[in-house]
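Let's take a friendly walk through a protein model, one piece at a time. Keep the picture open beside you as you read.

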Amino acid sequence: MTLSTRKLGSQGLRVSVIGLGCMGMSQSYGPADEAESIATLHRAIELGCTFFDTAEVYGPHTNEALLGRALKGRRDEVTIATKFGFRIENGKQIGTDRNSRPEHIREAVDGSLSRLATDHIDLLYQHRVDPAVPIEDMAGAVSKLITEGKVRFFGLSEAGAANIGRAHVVHPVSAVQSEYSLWERNLEPEIIPLLSELGIGLVPFAPLGRGFLTGDVKRAEDYPEGDFRRGDPRYQGANYDANVQAAGIVRDIAAAKDVKPGQIALAWLLHKGSDLRLDIVPIPGTKRRKYLEENVAAAAIKLDAAAMQALDDALAPGKVAGERYNERVMVTIDR
């Protein structure tokens, strides 16, 4: 199958209805495998999954460079989203420090353009809000880069409602990237209504619940050192047991349709946009062709109202045990 497209925002950006999160090709989920990662990127293009998500901090820098090598001669076939906003020195991320000073944004974008081997970034996100820099100043700096042609569209990642609104006044925001899935519904009370009102698209990262909704999970301590899930509170102890039970509805509906649980989780997101009057484009991450193909196939799965309601109810807010992040990471989220 070849994926259809879906708009993000009201400024003309169209992307494949499912994207590809590329972070895991370089960090957080076990050792890298460049050959398989590049094969996965090429297979994605063949399937019409052409919305690739990266960031300067992934590696740092190595993930953008990987895409630059993989997309040589194929740049015009894809839509690239990348992000700036964390402090990086000598190739290392400095804790959770942020840097969105306008002069630094220009430096960061020039670095991303070089690593990606391109003359423009299709969608540029501020990775996290920088409390030391007025959001208006940051948005103004990105707006200048758009005028210059180095960037096409403007996005925010994990921004709160007030900052989304203030940034949008300075330059229209096409997309907000935040965690949203059956597993994590924190956007529903405030952010999603605002995005719908302003005509901003939503790009959910971790749409498979950091792997939990695939049904192929282990306890935190069973993952190797360097794997993000070792420190994920929802994979630990009693939380793990409760969450396996809560996610049972996903496995049950998948079994009834003879598909994978992760495909049901993605289909739920693709259907949910209609209910919320919102354009939603999930970006499940993988570094393997097998899982890419499974994810793309989710676009063909139909869920009726009864299945949607059953999923909504079983994994409603409060049904998932454990904090979304550990305390060290939580400080990076805009409240």
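This is a predicted model: local features need pLDDT of at least 70, side-chain atom pairs count only at pLDDT 80 or more; totals for chains, interfaces and linings use all residues.

**Helix α3**

Now look at the helix itself. α3 covers residues 102–116, which makes 15 residues. From the first C-alpha to the last it reaches 21 Å, close to the 21 Å expected at 1.5 Å a residue. Its buried residues are His104, Ile105, Ala108, Val109, Gly111, Ser112, Leu113 and Leu116. An α-helix has 3.6 residues a turn, so residues three or four places apart point the same way. What do the buried residues of α3 pack against? Their partners are the helices α2 and α4, together with the strands β5, β6, β8 and β9.

**Helix α8**

Helix α8 spans residues 248–257, and its buried residues are Gly248, Val250, Ile253 and Ala254. These pack against α7, α9 and α11. After α8 comes aspartate 258, which has a positive phi, near 60°.

|---|---|---|
| α8 | aspartate 258 | positive, near 60° |

**Where α9 meets α11**

Two packed helices are described by the angle between their axes and the distance between the axes. For α9 (residues 261–276) and α11 (residues 305–314), the axes come within 11 Å and cross at roughly 105°. That makes α9 roughly perpendicular to α11. On the α9 side, the contact is made by Ile264, Trp268, His271, Lys272 and Asp275, while α11 brings Met308, Leu311 and Asp312. Sorted by class, this contact has four nonpolar, one polar and three charged residues.

**The nonpolar cores**

The largest nonpolar core has 63 residues, and those with the most contacts inside it are Phe154, Leu156, Ile164 and Leu303. α4 gives the most to this core, with seven residues. Apart from it lies another core, of 23 residues, including Val17 and Leu292. Back in the largest core, let's pick out Leu156. Leaving aside neighbours within four places in sequence, leucine 156 is in contact with residues including Tyr125, Met138, Ile164 and Val176.

**A look at arginine 234**

Is arginine 234 buried or exposed? Arginine 234 is buried, because its relative accessible area is 7%. You will find this arginine in the loop between β11 and α7. Not counting residues up to four places away in sequence, arginine 234 touches Trp183, Glu184, Tyr240 and Glu323, among others.

Conventions:
Residues are numbered from 1 along each chain as its sequence is written. Side-chain values use heavy atoms; hydrogens and water are left out. Helices (H or I, at least four residues) and strands (E, at least two) are DSSP runs, numbered from the N terminus. The expected span of a helix is 1.5 Å times one less than its number of residues. Buried means under 20% relative accessible area, exposed over 50%, partly exposed in between (1.4 Å probe, protein chains only). Contact means heavy atoms within 4.5 Å. A nonpolar core is a set of buried Ala, Val, Leu, Ile, Met, Phe, Trp, Tyr and Cys residues joined through side-chain atoms within 4.5 Å. Axes are lines fitted to C-alpha atoms, for helices over the stretch in contact, and angles run from 0 to 180 degrees between N-to-C directions. Angles under 35 degrees count as roughly parallel, over 145 as roughly antiparallel, 65 to 115 as roughly perpendicular and the rest as oblique. Ala, Val, Leu, Ile, Met, Phe, Trp, Tyr, Cys and Pro count as nonpolar, Asp, Glu, Lys and Arg as charged, and the others, Gly among them, as polar.
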